[in-house]
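Please read them with the coordinates open.

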Amino acid sequence: MGPTSRSPRPSRGPRTSFGLWLSEQMAQRGWRQGDLAGLVGVSQQTASRWLAGRSVPARSHVESLALVLGHPLEEVFRRCEGEDGR
C-alpha cells in the first residue's frame, strides 16, 4: 500500500474553483447545502458533489443556479466549463 493513511471515504482531492465559488455564493446568502439543493431542484448529494468538485452541474441545473444566484447564465456556464476542460 502507499504512504497515505486510509480513510472511510474516497479521497476528494482539493476543492475546485467552481466548488469554492459556489460555496462562497452560498455563504453570502446564508444557505446550507440543503437550501441550495432545494432551490435548484437536485438532491443534497448532488449539491455535495458540486461543492466538493466531484462533478459539475448539467446544463439545466446551470440555468437554475444562475437564476437562484442572480448571476448571468454565461458566467455560471463559464465557471462550470473551467472545471471539466470543455
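1. Basis. This is a predicted model, in which local features need pLDDT of at least 70, side-chain atom pairs count only at pLDDT 80 or more, and totals for chains, interfaces and linings use all residues. Residues are numbered from 1 along each chain as its sequence is written, and side-chain values use heavy atoms, with hydrogens and water left out.

2. Overall fold. The protein has 5 helices and 0 strands, in the order α-α-α-α-α from the N terminus. Helices (H or I, at least four residues) and strands (E, at least two) are DSSP runs, numbered from the N terminus. Of the 86 residues, 31% are buried; buried means under 20% relative accessible area, exposed over 50%, and partly exposed in between, with a 1.4 Å probe and protein chains only. Among contacts (heavy atoms within 4.5 Å) with a separation of 6 or more, 52% join residues 24 or more positions apart.

3. Nonpolar core. A nonpolar core is a set of buried Ala, Val, Leu, Ile, Met, Phe, Trp, Tyr and Cys residues joined through side-chain atoms within 4.5 Å. The largest one has 18 residues, and those touching the most other members are Phe18, Leu22, Leu36, Trp50, Leu65 and Val76. Two or more residues each come from α1, α2, α3, α4 and α5 (73–84).

4. Helix α2. Leu36, Ala37 and Val40 are the buried residues here. They lie on the same side of α2, because their arc around the axis is only 100°; the arc is that of the directions from the helix axis to the C-beta atoms. As background, an α-helix has 3.6 residues a turn, so residues three or four places apart point the same way. The cover over the buried residues of α2 includes α1, α3 and α4. Gly41 follows α2 with a positive phi near 90°.

5. Helix α3. In α3 (residues 44–52), Thr46, Ala47, Ser48, Trp50, Leu51 and Ala52 are buried. Their cover includes α1, α2 (33–40) and α4 (59–69).

6. Helix α4. Val62, Leu65, Ala66 and Leu69 are buried. These residues share the same side of α4, because they span an arc of only 100° around the axis. Just after α4 comes Gly70, with a positive phi of about 75°.

7. Packing of α1 on α4. What are the angle and axis distance between α1 and α4? The angle is about 35° and the axes are 12 Å apart; axes are lines fitted to C-alpha atoms, for helices over the stretch in contact, and angles run from 0 to 180 degrees between N-to-C directions. From α1, Phe18, Trp21, Leu22, Gln25 and Arg29 meet Leu65, Val68 and Leu69 of α4. By class this contact has 6 nonpolar, 1 polar and 1 charged residues.

8. Gly19. This residue is in helix α1 (residues 17–29). Gly19 counts as buried because its relative accessibility is 0%. Beyond neighbours within four places in sequence, Gly19 contacts Trp50 and Leu51. Its C-alpha atom is 9.3 Å from that of Cys80, 61 residues apart along the chain.

9. Glu63. The C-alpha atoms of Glu63 and Val76, 13 residues apart along the chain, are separated by 8.1 Å.

Terms used:
Ala, Val, Leu, Ile, Met, Phe, Trp, Tyr, Cys and Pro count as nonpolar, Asp, Glu, Lys and Arg as charged, and the others, Gly among them, as polar.
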